[in-house]
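Here's a chain to walk through together. Have the sequence and the model open side by side as you read.

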Amino acid sequence: MAGSGISSESGSGAFRDDENCHKQVSPIRGGGSRNTSPSGRVGSRNTSPSRQKVIKTKPRGLDEETVATFGKVVHPDVQMEDNIWAMLPEDLLNEILARVPPFMIFRLRSVCKRWNLILQDHSFLKFHSQVPSHGPCLLTFWKNSQTPQCSVFSLPLKTWYRIPFNFLPQWAFWLVGSSGGLVCFSGLDGLTFRTLVCNPLTQTWRTLPSMNYDQQRQLIVVVDRTDKSFKVIATSDIYGDRSLPTEVYDSKIDKWTVHQIMPAVNLCSSKMAYCDSRLYLETLSPLGLMMYRLDLGYWEHIPAKFPRSLLDGYLVAGTHKRLFLVGRIGLYSTLQSMRIWELDHAKIMWVEISRKPPKYFRALLRLSAERFECFGQDNLICFTSWNQGKGLLYDVDKKVWSWIAGCALQSFNSQVCFYEPRFDASVH
């Protein structure tokens with residue numbers, strides 16, 4: 001996804017990659033996917049008034065379908081009367097715009113002042129919050145000559161979009177993660193450790209207050225859409241000769257509260273996942289699994305033994321309390337394999353549910369020591385190898401593997417996470 005592979009569209013704040021990619025973005029295979037693009041239907045449209053043609057499109061989400069039935073002749077060159085559309089009732093306009101894919105909204109903002117204001121209107125945000133989600137996206141963040149850059153790949157639309165990211169302060173920050181439409185960053189403002197949250201679509205952001213123990217550590221952001229709030233969890237860690245307690249920021253009270261210190265852990269991993277109001281953290285010394293109950297504010301050890309010969313493991317949260325472990329098995333490159341386990345909460349053990357096919361494993365990781373990243377959302381697991389510039393998706397429910405193609409992913413210094421585009425996600 002090199003910067004040269006994304007072309008800009010004049011008059012818009014978002015940029016779409018339509019022509020300059022070397023390969024067409026591959027669809028997510030599985031579930032009977034098909035080509036629903038307008039270009040795929042050229043010459044096949046029957047507009048005879050004696051027959052009805054049902055056209056299925058897939059504009060929002062991975063599985064949702066909208067069916068449109070035409071019962072009369074359609075004239076593609078019909079001229080719309082400006083004076084009629086200018087008088088479109090505002091509530092109807094809001095409902096229409098709420099169903100437009102979020103990345104198209106950037107172009108609509110420049111149509112006129114009225115539309116630009118509508119997109120910030122509470123009535124529009126109410127409609128937007130009620131329509132189905134756009135579906136999962138991949139957000140990639142990197143810096144080019146110290147200038148923040150962001151590109152988003154829409155899985156439903158199979159398209160890359162560039163989002164302007166020059167609205168953030170010029171800190172040395174890095175991507176923490178995303179939840180419910182908000183993206184979290186942490187970094188250094190001079191010598192001060194800071195955390196900020198932003199909404200890339202509304203271009204709004206805010207800095208969080210300083211923690212009680214203001215030291216760099218692992219963070220995770222969690223959005224609660226029911227009460228329109230969010231939390232940021234700073235895990236326990238060791239700094240110098242002292243242990244740092246867990247701290248939780250709550251946007252409803254706008255402050256950090258100090259919680260329990262993680263017991264009997266010498267070295268924490270950056271591999272963690274949030275699932276069912278619980279934060280799961282992989283520990284390295286000793287190798288194990290810790291669980292933090294956000295509602296009760298304490299840590300608990302989960303006595304689930306990790307698989308033998310596990311070289312590196314990533315925790316991935318799924319839906320309905322599902323927790324996955326993804327990692328490589330095997331000491332030698334010729335014997336290595338990538339496997340996926342699921343935590344059996346009743347038996348407190350990891351159960352293998354899938355193995356990456358050898359052809360995908362070899363294509364993603366050509367060397368045994370090659371670096372890869374893994375993260376997930378809604379039972380989708382994404383694997384990225386920045387050395388190879390590739391991304392691979394696995395649908396746990398459909399058991400389908402598919403490449404993210406079309407443009408090369410950004411190289412070594414890129415950071416990536418799943419992202420749900422939402423206009424109604426507030427940073428306050």
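Predicted model: local features only at pLDDT ≥ 70, side-chain atom pairs only at ≥ 80, totals over all residues.

Residues are numbered from 1 along each chain as its sequence is written, and side-chain values use heavy atoms, with hydrogens and water left out.

Start with the whole thing. The chain comes to six helices and 29 strands, taken as DSSP runs numbered from the N terminus (helices are H or I with at least four residues, strands are E with at least two). Of its 428 residues, 48% count as buried, where buried means under 20% relative accessible area, exposed means over 50% and partly exposed lies in between (1.4 Å probe, protein chains only). As for contacts (heavy atoms within 4.5 Å), take those with a separation of 6 or more: residues 24 or more positions apart account for 51% of them.

Now look at strand β4, residues 137–144. Six of its eight residues are buried, so β4 is largely enclosed by the rest of the structure. Strands pair here if DSSP finds at least two bridges between them. β4 runs antiparallel to β5 (residues 147–154), with eight bridges joining the two, and L138 sits opposite F153 in β5. The two strands form a hairpin with two residues between them, and S145 in the turn has a positive phi of about 55°. β4 is also joined to β29 (residues 415–419) by five bridges, again antiparallel; there, T140 has V416 as its bridge partner.

Further along, there's an open sheet of four strands in the order β25-β26-β27-β28, with antiparallel pairing. β25 (373–377) and β28 (400–404) stand at the edges with a single partner strand each, so one side of each has no neighbour in the sheet. From one strand to the next, the twist averages 20°. Inside the sheet, β26 (residues 380–385) and β27 (residues 390–395) are held together by six bridges, and L380 of β26 faces D395 in β27.

On to the helices. Two packed helices are described by the angle between their axes and the distance between the axes. For α2 (residues 90–98) and α5 (residues 122–130), the angle is about 45° and the axes are 8 Å apart. The contact is made by D91, N94, E95, L97 and A98 of α2, together with S123, F124, F127 and H128 of α5. The axes are lines fitted to C-alpha atoms over the stretch in contact, and angles run from 0 to 180 degrees between N-to-C directions. The two helices are therefore oblique to each other.

Last, two residues in strands. T195 is in β9 (residues 192–199), and it counts as buried at 4% relative accessibility. Leaving aside neighbours within four places in sequence, T195 is in contact with C184, F185, S186, R206, T207, L208 and L219. T195 and S210 are 15 residues apart in sequence and 8.0 Å apart in space, C-alpha to C-alpha.

R293 belongs to β19 (residues 287–293) and is buried too, with a relative accessible area of 16%. Not counting residues up to four places away in sequence, R293 touches S277, R278 and Y298.

Note on methods:
Parallel < 35°, antiparallel > 145°, perpendicular 65-115°, else oblique.
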